Structure formats: structure tokens, C-alpha cells
Amino acid sequence: PSQGRCAGISDLVEAEIEERQGALTALDLRANEIGPTGATALADALKVNGALTSLRLGVNKIGPTGASALADALKVNGALTALDLRVNEIGPTGATALADALKVNGALTTLWLLGNKIGDTGASALADALKVNGVPVLRSGKNLGSC
């Protein structure tokens, strides 16, 4: 996809979230090719949105950059309770950024990370975060090694 297409999707979503302050509680953008640019735009919107409780971004190739942007948003967002990042190529770097956010975020109760190849480093960072903030449901199968 072209950068323009991704920017258009992210601009639309960001505008919708900001316009509906208080109305939109769930957003499902699975398999929309938003990439890191779209994830960063969503993260910026999440920093000021207090209504969205569920965000599903599986299969969007957000990579570690997009995961890190979302992690920064989680540090200040107290509304989001469920985040689906399945199959997004976040790797150990993205998982570590999310783990750092989980240490300070008290709202998130469900995080899906299936198929992100987080490796030992990412798994260890998430385990440490869970000692600080026990996210009740962490769904992370098939993340170690090259599977």
C-alpha cells in the first residue's frame, strides 16, 4: 500500500475517534494494512480519548515502531481495557515497549500478542511487567523462536 493510503485511513480513524469523544467504545481495524504510520496516528488519538475500551489491530504490520507508539499511549490512557495486536511483527522491541507501558497502565485487562515473535527478551520483559501489574489475560502463543 502507498503511504498516502495508510495516511488516509489513519486520518479518518483519528478524526472519527476525536469527533465522537465519549461515543465510540470499540474499534476493529483488523487486517487493514495500517502499518506503523496508522498505529502511530491511532496512538496519538488514544492519548486524548477516554471512551475507547477495545481496540483490535491484528494483522496490520505495525511493527516495533507502531507497538512503541501504542505503548506510549497506554502510559496515559486509562480507558482501554482490551488491545489486540496479534500477528503484527512487533518483535522483542515492541514487546518490551508494551511491557514498560503495562507497568504504569492500570486499565488494560486483556492483551493479545499471538504470532509476534517476541522471543526470550520480549517474554522476559512482559513477565517482569506482570509482576508489577497483573494483566489478567495475556494471550501470547507462538511468540518464541522463529514460529
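Reader: Why is Val 87 called partly exposed?
Author: Val 87 has a relative accessible area of 40%. Buried means under 20% relative accessible area, exposed means over 50%, and partly exposed is what lies in between, with a 1.4 Å probe and protein chains only. So Val 87, at 40%, counts as partly exposed. Before we go on, this is a predicted model, in which local features need pLDDT of at least 70 and side-chain atom pairs count only at pLDDT 80 or more, while totals for chains, interfaces and linings use all residues. Residues are numbered from 1 along each chain as its sequence is written, and side-chain values use heavy atoms, with hydrogens and water left out.

Reader: Where is Val 87 found, and what is its phi near?
Author: Val 87 is in the loop between strand 3 and helix 4. Helices (H or I, at least four residues) and strands (E, at least two) are DSSP runs, numbered from the N terminus. The phi of Val 87 is near 50°, a positive value in a residue other than glycine. Most residues other than glycine have a negative phi.

Reader: Which loop holds Glu 33, and what makes it partly exposed?
Author: Glu 33 sits in the loop between strand 1 (26-28) and helix 2. Its relative accessibility is 40%, so Glu 33 counts as partly exposed. Glu 33 also has a positive phi, of about 55°, although it is not a glycine.

Reader: How many helices and strands does the protein have, and in what order do they run?
Author: There are five helices and five strands. From the N terminus on, the elements run α-β-α-β-α-β-α-β-α-β.

Reader: Why are helix 2 and helix 3 called roughly parallel?
Author: Their axes come within 8 Å and cross at roughly 0°. Axes are lines fitted to C-alpha atoms, for helices over the stretch in contact, and angles run from 0 to 180 degrees between N-to-C directions. Angles under 35 degrees count as roughly parallel, over 145 as roughly antiparallel, 65 to 115 as roughly perpendicular and the rest as oblique. Helix 2 and helix 3 are therefore roughly parallel to each other. Among the residues that meet are Ala 39 and Ala 43 in helix 2, and Ala 69 and Leu 70 in helix 3; contact means heavy atoms within 4.5 Å.

Reader: What makes helix 3 roughly parallel to helix 4?
Author: The axes of helix 3 and helix 4 come within 8 Å and cross at roughly 0°. That makes helix 3 roughly parallel to helix 4. The contact includes Ser 68 and Ala 71 of helix 3 and Ala 97 of helix 4.

Reader: Why does Ala 97 count as buried?
Author: Its relative accessible area is 16%, so Ala 97 is buried. Ala 97 touches Ser 68 and Ala 71, not counting residues up to four places away in sequence.

Reader: How do you know that helix 4 and helix 5 are roughly parallel?
Author: They pack at an angle of about 5°, with their axes 8 Å apart. Helix 4 and helix 5 are therefore roughly parallel to each other. The contact includes Pro 92 and Ala 95 of helix 4 and Thr 121 and Ala 125 of helix 5.

Reader: Is Asp 120 buried or exposed, and what about Asp 84?
Author: Asp 120 lies in helix 5. At 65% relative accessibility, Asp 120 counts as exposed. Asp 84 lies in strand 3 (residues 82-84) and, at 0% relative accessibility, counts as buried. The contacts of Asp 84, leaving aside neighbours within four places in sequence, include Arg 30, Arg 56 and Trp 112.

Reader: Which residues touch the most other members of the largest nonpolar core?
Author: Of its 36 residues, these are Leu 55, Leu 70 and Leu 85. A nonpolar core is a set of buried Ala, Val, Leu, Ile, Met, Phe, Trp, Tyr and Cys residues joined through side-chain atoms within 4.5 Å.
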